[in-house]
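Open the model in your viewer and keep the sequence panel at hand. This tour goes from one selection to the next.

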Amino acid sequence: MIKVCAGKEHGCMRTETHHSAKSTGAAGLTAQWAKENPRSAALAARAAALLPGGVTHDVRLADPFPVAVARAAGSRKTDLDGHELICYVMGHGALLLGHSHPAVVAAVREQAGLAFHPGACHELESDWAEAVTRLVPSAERVRFTSSGTEASLLALRLARASTGRPAIVRLAGHFHGWHDQVATGADAPFDQPDTAGLPGGVGAAVRTIPAGQDALAAALAPGDVAAVIMEPSGAAWATVPLPDGFLAAARQLTAETGTLLVFDEVVSGFRWSPGGVQAVAGVQPDLTVLGKILAGGMPGGAVAGRAAVMDLVGGPAAGPRRVSHPGTHNAHPLSAAAGLATLGLASSGDVQDAAARLAAAAREELTGVFRRRGVPGRAYGESSTFHLLFGEHGPDELDLTALKAGLPPRLNAALHCGMLLEGVHLFHGSGFLSAAHTERDVAQTVTALDRTLARLQAEGLLTEGRPAGPVAPA
Ligand SMILES: Cc1ncc(COP(=O)(O)O)c(C=O)c1O
């Protein structure tokens with residue numbers, strides 16, 4: 001049995017040694033966290049022999065080892081060692097309503113009793129598509145996939161088929177999943193592949209340009225570009241904001257050159273507003289790539305867009321430009337059930353507005369912690385998200401490479417472990433809020449950052465490296 005700390009003022013559920021170790025400063029943050037998490041450590045050791053790297057998503061690799069979670073509800077989760085954590089990972093941004101929202105759980109349970117996979121058309125897929133077309137301004141038709149990666153792959157295939165053109169233009173630093181065509185350009189150096197194992201020649205069809213009107217105009221000038229794909233929030237959910245007016249300029253330039261405009265709203269869809277960034281910005285793409293909140297925490301993705309383009313995936317009637325798209329789990333009924341329940345509760349915009357208001361307050365208060373501690377840095381971000389940025393400079397003074405660089409590894413690990421020790425699970429120095437987060441959660445997070453910065457100062461970690469920001473492919 002784990003004895004918990006009674007540090008109620010910050011909702012602490014940790015072992016008794018937690019505060020005394022902290023006050024003596026005897027253990028480094030990572031060492032202390034490792035000591036207090038023996039079950040996560042044991043699972044990490046077991047997983048290392050079974051799962052390459054001991055994880056199932058690159059983003060979960062962590063020093064000294066990843067935290068493992070037993071259960072979650074609302075804004076909080078409980079790790080294997082019994083610590084309660086305020087969750088800012090929130091299913092990599094999928095859980096707008098919080099963990100295991102009762103309405104979503106009930107919808108999934110009901111559908112599980114009816115049919116997991118009928119191997120046939122079902123009502124929920126049309127209900128789900130109706131919800132998407134109602135909420136997303138540019139969506140006339142919807143094709144469901146099993147992930148955001150699959151949706152981005154399908155969007156590019158549709159764009160090539162529709163225009164008959166070979167090339168794709170993407171923006172440096174923007175993330176569109178892990179398929180080969182988008183595996184160059186998300187991370188620095190932006191002209192080099194982000195992974196080994198790519199087939200030769202794939203890079204020739206996809207050009208990476210900086211996010212700027214002039215670069216886009218030059219890239220589209222030859223007239224061979226099928227589509228421009230971008231995160232309309234700016235790279236990595238507004239870690240790197242776009243230049244003012246860029247979305248409208250991109251719409252105009254693509255329209256003038258017969259190029260399709262593809263918005264990847266896998267993160268921003270249903271979060272920035274019920275209709276995503278496009279509804280806020282008043283700029284309609286030809287195709288939208290969706291995922292995460294779309295499926296309410298279950299696996300899922302979709303391409304939505306103009307009927308004339310989308311109907312190419314509609315079978316032989318599309319003729320020689322027909323796009324093929326099989327997929328065993330497309331529009332999986334359990335994903336449809338979770339997605340429908342989520343979109344139903346998120347359709348008025350109240351949920352998004354409340355989470356965004358709380359996130360704005362959190363950003364302000366977290367920035368205040370940096371100021372009071374005399375640590376150069378701040379929290380910034382948009383909608384219901386935040387990014388912690390260490391260093392003198394703000395996001396508008398830093399370039400793409402600096403903003404996407406991430407913290408020096410030792411500082412990153414210590415920040416992560418320090419916040420976990422205080423009961424807060426950050427997502428690589430960033431966070432997603434949900435409808436379930438409360439002012440109490442934010443207050444506890446502010447205290448957690450204050451204490452963690454003090455310990456980082458004491459450990460001499462805040463003098464290391466240069467200004468840097470979060471890493472955030474979700
Ligand atoms: C903007 C964006 N596009 C696409 C994807 C890929 O989605 P998935 O992880 O569901 O394949 C992600 C995942 O984080 C994303 O952030």
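Keep in mind that this is a predicted model. Start by selecting residues 409-421, helix α16, and residues 439-458, helix α17. Their axes come within 9 Å and cross at roughly 135°. Angles over 145 degrees would count as roughly antiparallel. The pair α16 and α17 is therefore oblique. Look at the hand of the crossing too: for α16 and α17 it is right-handed.

Now show side chains where the two helices touch. On α16, pick Leu411, Ala414, Leu415, Gly418, Met419 and Leu421. On α17, pick Thr445, Ala448, Leu449, Thr452, Arg455 and Leu456. Sorted by class, this contact has eight nonpolar residues, three polar and one charged.

Stay on α17. Which of its residues are buried? Among them are Asp441, Val442, Gln444, Val446 and Leu453. Thr445, Ala448, Leu449, Thr452, Arg455 and Leu456 are buried as well.

Next, check the length of α17. At 1.5 Å a residue, its 20 residues should span 28 Å. The C-alpha atoms at its ends lie 29 Å apart, which agrees. Step past the helix to Gly460, which follows α17 and has a positive phi, near 70°.

Then jump to Asn37. It sits in the loop between α2 (29-36) and α3 (38-48). Is Asn37 buried or exposed? Its relative accessibility is 0%, so Asn37 counts as buried.

Finish with the surroundings of Asn37. Leaving out residues up to four places away in sequence, Asn37 touches Phe65, Asp79, Asp81 and His83. Select Gly82 as well: it is 45 residues from Asn37 along the chain, and their C-alpha atoms are separated by 8.9 Å.

How values were computed: Residues numbered from 1 in each chain as written. Predicted model: local features only at pLDDT ≥ 70, side-chain atom pairs only at ≥ 80, totals over all residues. Heavy atoms only, no water. Axes fitted to C-alpha atoms, helices over the stretch in contact; angles between N-to-C directions. Helix = DSSP H or I, 4+ residues; strand = E, 2+ residues; numbered from the N terminus. Parallel < 35°, antiparallel > 145°, perpendicular 65-115°, else oblique. Left-handed = near helix turned anticlockwise from the far one by under 90°. Contact = heavy atoms within 4.5 Å. Nonpolar A, V, L, I, M, F, W, Y, C, P; charged D, E, K, R; others polar. Expected span 1.5 Å × (residues − 1). Buried < 20%, exposed > 50% of the residue type's maximum accessible area, 1.4 Å probe, protein only.
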